[in-house]
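Please look at the sequence and the structure together before reading on.

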Amino acid sequence: MHVSEIMTRDVHLVSPNDTITEVARQMAENDIGFLPVGDHDRLVGMITDRDIVVRGVADGLDLQSKVGDIMTTDVKYCFEDDEVDDVARNMGDVQVRRLPVVNHDKRLVGIVSLADAAREQPAAAGTGLKGVTVPGGTHNQVGRSG
């Protein structure tokens with residue numbers, strides 16, 4: 001099964017110039033905790049509700065600070081025609097629960113999560129989740145890549 005068959009296509013995209021407050025409001029209104037960050041049509045980062053708290057509020061940044069100041073710039077992604085079990089395993093390896101999905105022109109076409117995989121391929125999602133639950137990893141909150 002391909003990622004395109006399970007991904008969420010209705011993706012909200014924010015700009016690195018948006019404020020932390022604007023993005024937090026979007027997250028609250030849409031009940032989401034992860035947003036890809038784009039500069040025109042290029043994916044340049046990701047921001048999570050946890051980034052806002054740990055890299056923004058806890059570090060004493062003003063709530064009018066820009067998303068670009070706290071976003072993760074080391075963007076991991078997958079392709080829409082990748083196999084779900086391969087992507088879920090990779091998510092465990094890089095310790096993330098969600099990935100932006102791009103086409104082969106590297107344009108954002110969706111988001112896939114371990115929850116999406118669990119609905120269709122529970123064993124694959126379990127493998128990924130097992131890796132995500134290991135402490136640490138490249139996307140922990142200690143430092144920002146990039």
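In strand E2, Arg42 is the bridge partner of Asp39. This is a predicted model, in which local features need pLDDT of at least 70 and side-chain atom pairs count only at pLDDT 80 or more, while totals for chains, interfaces and linings use all residues. Residues are numbered from 1 along each chain as its sequence is written, and side-chain values use heavy atoms, with hydrogens and water left out.

**The hairpin**
- Strands (E, at least two residues) and helices (H or I, at least four) are DSSP runs, numbered from the N terminus.
- Strand E1 covers residues 34–39, and five of its six residues are buried, a term for under 20% relative accessible area with a 1.4 Å probe and protein chains only, whereas exposed means over 50% and partly exposed lies in between.
- E1 and strand E2 (residues 42–48) run antiparallel and are joined by six bridges; two strands count as paired if DSSP finds at least two bridges between them.
- Two residues lie between the strands of this hairpin, where His40 takes a positive phi near 60°.

**The open sheet**
- Three strands form an open sheet in the order E3-E4-E5, with mixed pairing, and its edge strands, E3 (78–79) and E5 (108–113), each pair on one side only.
- E3 pairs with strand E4 (residues 98–102) in the parallel sense over two bridges, and Val101 in E4 is the bridge partner of Cys78.

**The end of a helix**
- Helix H4 (residues 114–120) contains Glu120, which is partly exposed, with a relative accessible area of 45%.
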